[in-house]
Each structure stands twice: as C-alpha cells, then as structure tokens.
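Thanks for making time this morning. I would like to walk you through one model, beginning at a loop and ending at the ligand.

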Amino acid sequence: MKALPLEQQVIWLTGASTGIGEALTQALAGRCKRLYISARNEQKLQQLAAGQKHIIPCPADVTSEQELQTVAARIEQECGQLDMLITNAGTCEYVDAGAPDPAMFRRVMDTNFMGTINAISAALPLLKKSSRAMIAGVSSSVTALAMPRAQAYGASKAAVTHCLQSFAADLHTHGIDVSVISPGFVRTPLTDVNDFPMPFLIEADEAARTIIDGLERRQRDIHFPKRFTLALRLLGLLPEALRFRISRAMSRQNNNPRKLSS
Ligand SMILES: NC(=O)c1ccc[n+]([C@@H]2O[C@H](COP(=O)([O-])OP(=O)(O)OC[C@H]3O[C@@H](n4cnc5c(N)ncnc54)[C@H](OP(=O)(O)O)[C@@H]3O)[C@@H](O)[C@H]2O)c1
C-alpha cells in the first residue's frame, strides 16, 4: 500500500513546545492535513497554533497514560484515524556516578521510555485505521556508544531504540512503518545547559528539516548530522577494550578520581 503524502496526513507530535518539537511544528505547519501538538506547557502550544486552524494544541504529560488517552480520544472523534505519531517528548539529566539517585533514573525513564510507550499505546488503535500509518520515535545517537554520566539518559534512549525496532518488526504486518530518529547534538533548551563541548552542533530547524525528509522517505533509521553519527557508530563497533578506553578517556571521574569516592 502506498504511503499518503504529508498533505493528507493527520499527525500527532509530542514534545512540541520547545527545541526540536517546536521546529517540527513550524516545519509541518501548512504541510499536513492536521497537526495535534502535545506538551505540558499549554500556553506555548497555544502560541504555536495561533492563527493556524489545522494545528490543534492538546496539552498532555507523557508520563500520564490517562492524559494521552484523552488526546487520542479527541483525535478519533475529530478525524477517525491517525496517520503518523511522532514521539519526541524527552528530558535529560546527568548522573553523578559517586552518588546515583534512583529517583532521577525513574524520572528520566518515565519521560523518555514510558512516555514513548504511553503515546504508542494510546495512538495504536487509531494508527491501525490509517491505510499506511507511521510511528516515529526520537531516540538519540548516544545509543551508539556508552558515554560518561549518561547512565540514565543513555539507558532510556537505548530502551526507546530497542522498543521501536521491536515494534517495527511486529507492526509491519499491520501496514505500520516505524522509524527511529537518532540526532547528534542539536541546539535546544535541553543542550543549552550542557557544560561540555558538543561536536557538530546543529540548529533545531536543520534537525526538523532532516527529520521530515526522512519521514517522507519512510526511513526506518534517521540519524544526523551524518559526520557525527557515522563516526559514533564506527566507534561503537570497536572491540570492547577499545570502546572502554574511549569512554574512560571522556569521563570526568577519570580526570578527578577523588570525586567518585567523595
Ligand atoms: N537536543 C539534542 O541535542 C538532542 C539529541 C538527541 C536526542 N534529543 C531528543 O530530542 C527530543 C527533543 O529534545 P529537545 O532537544 O528539543 O529538548 P527540549 O527543547 O527540552 O524539548 C523537550 C520537549 O519535551 C517536552 N516534555 C518534556 N517532558 C515532558 C512530559 N513529561 N510530558 C510531555 N512533554 C514533555 C517539553 O515540553 P514541556 O516542558 O512543555 O512539557 C518539550 O516540548 C528529546 O527526546 C531528546 O532526548 C535531543
């Protein structure tokens, strides 16, 4: 079955209020039939939708199954089906390996991993009603190589990638394509707080353009910028001993061994 052109699609995007999601909202505005945008910041969603009647703000916290089910019920009532779900909502917190905080791990997993599952679970019955639906989940290039301080974020995104790849296999027979989006560093509020060098940092509008191009081609693996993600993937293929040396060289604990025991 041929995929619908973007112009005929009903799309639901989570994490639409800032960063990559905001850039995706702006890039998709006027390009799809209807765009349902979710995040917790309702005021920001209203601003993004102002004057565009095909953009519908649907505030929801992705950690709440109930709130996402409510959005899905609204889409069903208004459109009867959904053609594309983009799970983009996410958060990042870095770990102090000397004092890992289980509550922080839970927060990151709840938003990044369970938030993705909650959205897919709410959207799936509607996606099955489309002639050729798609689920696209934003993971991260961090899954290619274990990075220092990324015990929570990296693990949550590895779970997202694995889960989406499993869904890709199982949903193929339902005519639903699944895409994993793995960005490198993108300038957004999430990375604005980083205090380390971010090689090949790109702007959010460039990320949005690359994502939409990949979605139109229905690519299962969308990763960018290629000069960064391909290099990272090559490093990820090295023997374990070499990967360990690279990760260890990047670790602050390695530069300041006292900190781990303090
Ligand atoms: N920037 C990068 O370099 C980079 C690299 C790789 C992957 N990513 C991934 O790209 C995605 C977007 O990140 P970004 O860089 O654009 O960061 P961002 O500007 O901080 O955007 C995060 C978005 O997720 C929403 N969100 C967070 N927690 C939520 C929750 N509990 N419920 C609903 N919405 C929630 C935020 O909206 P509210 O606060 O209004 O809820 C916001 O719209 C994330 O999944 C991130 O992990 C980013």
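Let me start with proline 225, which lies in the loop between E9 and H8; helices (H or I, at least four residues) and strands (E, at least two) are DSSP runs, numbered from the N terminus. This is a predicted model, in which local features need pLDDT of at least 70 and side-chain atom pairs count only at pLDDT 80 or more, while totals for chains, interfaces and linings use all residues. Residues are numbered from 1 along each chain as its sequence is written, and side-chain values use heavy atoms, with hydrogens and water left out.

The peptide bond that leads from phenylalanine 224 into proline 225 is cis, with omega near -15°. As background, most residues other than glycine have a negative phi, and most peptide bonds are trans.

Now to helix H4, residues 102-127, whose 26 residues reach 35 Å from the first C-alpha to the last, close to the 38 Å expected at 1.5 Å a residue (that is, 1.5 Å times one less than the number of residues). At methionine 114, H4 bends by about 40°, the bend being the angle between axes fitted to the seven residues ending there and the seven starting there. The N-terminal end of H4 is capped by aspartate 101, which has a side-chain oxygen 3.0 Å from the backbone nitrogen of alanine 103.

Which residues are closest to the ligand? Of the 29 that surround it, they are Ile20, Arg40, Tyr153, Val186 and Thr188, where a residue counts as near if one of its heavy atoms lies within 4 Å. Turning to individual atoms, an oxygen atom of the ligand is 2.9 Å from an N or O atom in the side chain of lysine 157. On the backbone side, a ligand oxygen is 3.4 Å from a polar atom of glycine 19, and a ligand oxygen is 3.3 Å from a polar backbone atom of glycine 184.

Technical notes: A polar contact is a pair of N or O atoms within 3.5 Å; within protein, one must be able to donate a hydrogen and the other to accept it, and residues adjacent in sequence count only if both atoms are side-chain atoms.
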